[in-house]
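This report is written for a reader who meets the structure for the first time.

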Amino acid sequence: MSLGWHNKPLNTSKRGGYNDQMIVEHIRNAVLMQRLPPNTKLPELTLGEVFGVSRTVVRKALTRLAAEHVINQSPNQVARVRAPSVEETRETFSARRLIEGEIVALQAGKLDAKTLATLHAQVEDEKQAYARKDESARIEHSLTIHHLLAEHASNHILGTMLTDLILRTSIVIALYKRPTLASCYLEGDHATLLVHLANGDAEEARQCVHDHLYSLEALLDLSSKGEDIDLKAILGGKSAQS
């Protein structure tokens, strides 16, 4: 996945000219940004209207999203954003602790100055976004931090696995985040991780990731919920209800 995803607007008035890859990116990014919660229905007709394309193009996009485990797609049923079970949620966090913990342990003391500077800038931007209560921007910066770690993994297989787990984690956070919780921001966690990475503290970096993900998992209420979703408002820039 290209790290350019966070610079692409989710709302757009563009009509026509879309292909299945562009639709995949829009829907995937909306899930990453927690704007399309789990169980959201994705009717072919509505998506065709949103993007100004045929149902054939929409079907290709949905097939690709299903292969990426972003949606569930069954014969003769409307596709939905995946809604992982509580058991799968716990397994997702457990797997991510193992993979990301190993990645940062291998990266400790080995990231170049440019990469560390980029990470530091994202951490500071995340902190500022939280301070001004811009949750959308905060999520963007948080995701970018972890995608950068995946991109610069010395073991590229582990990096690919982490990229998948970041998406899966975003889905379960969208599903299980406590309704009263405005943000899943854990102040200081990312900054502390960067200190360990810069200093070459491999085991401390691993433990920092483990603690970060345990704390994040503890913020979830692990009880499913649903709500009415306006796909046109989220993906197409114009609300169907307006």
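The paragraphs below take up the salt bridges, the sheet, the helix packing and the cysteines in turn.

This is a predicted model, in which local features need pLDDT of at least 70 and side-chain atom pairs count only at pLDDT 80 or more, while totals for chains, interfaces and linings use all residues. Residues are numbered from 1 along each chain as its sequence is written, and side-chain values use heavy atoms, with hydrogens and water left out.

## Salt bridges

The structure holds 15 salt bridges, a salt bridge being a side-chain nitrogen of Lys or Arg within 4 Å of a carboxyl oxygen of Asp or Glu.

| Arg64 | Asp20 | 2.9 Å |

Helices (H or I, at least four residues) and strands (E, at least two) are DSSP runs, numbered from the N terminus. In the salt bridge between Arg64 and Asp20, Arg64 lies in helix H3 (residues 55–67) and Asp20 in helix H1 (residues 20–32), so the pair ties together parts that are 44 residues apart in sequence. Arg64 itself is partly exposed, with a relative accessible area of 33%, where buried means under 20% relative accessible area, exposed over 50%, and partly exposed in between (1.4 Å probe, protein chains only).

Arg55 counts as partly exposed, at 42% relative accessibility.

The pair Arg96 and Glu100 sits within helix H4 (residues 86–107), and because the two residues are four apart there, they are separated by about one helical turn. Arg96 and Glu100 are both buried. Elsewhere, a network of salt bridges links Arg82, Glu88, Asp164 and Arg168.

## The sheet

Three strands form an open sheet with antiparallel pairing, in the order S1-S3-S2, where two strands pair if DSSP finds at least two bridges between them. Strand S1 (41–42) and strand S2 (71–72) stand at the edges with a single partner strand each, so one side of each is left without a neighbour in the sheet. Strand S1 is joined to strand S3 (residues 79–81) by two bridges, and these strands run antiparallel; Leu42 has Ala79 in S3 as its bridge partner.

## Helix packing

How do helix H5 and helix H6 pack? Helix H5 (residues 113–131) and helix H6 (residues 135–151) meet at an angle of about 160°, with their axes 8 Å apart, where axes are lines fitted to C-alpha atoms, for helices over the stretch in contact, and angles run from 0 to 180 degrees between N-to-C directions. That makes H5 roughly antiparallel to H6, since angles under 35 degrees count as roughly parallel, over 145 as roughly antiparallel, 65 to 115 as roughly perpendicular and the rest as oblique. Helix H5 also packs with helix H8 (residues 189–199), at an angle of about 165° and with axes 10 Å apart, and H5 and H8 are therefore roughly antiparallel to each other.

## Cysteines

A disulfide is a covalent bond between the sulfur atoms of two cysteines. The structure holds zero disulfides, counted as pairs of cysteine sulfur atoms within 2.5 Å. Cys184 is buried, with a relative accessible area of 9%, and Cys208 also counts as buried, at 12% relative accessibility.
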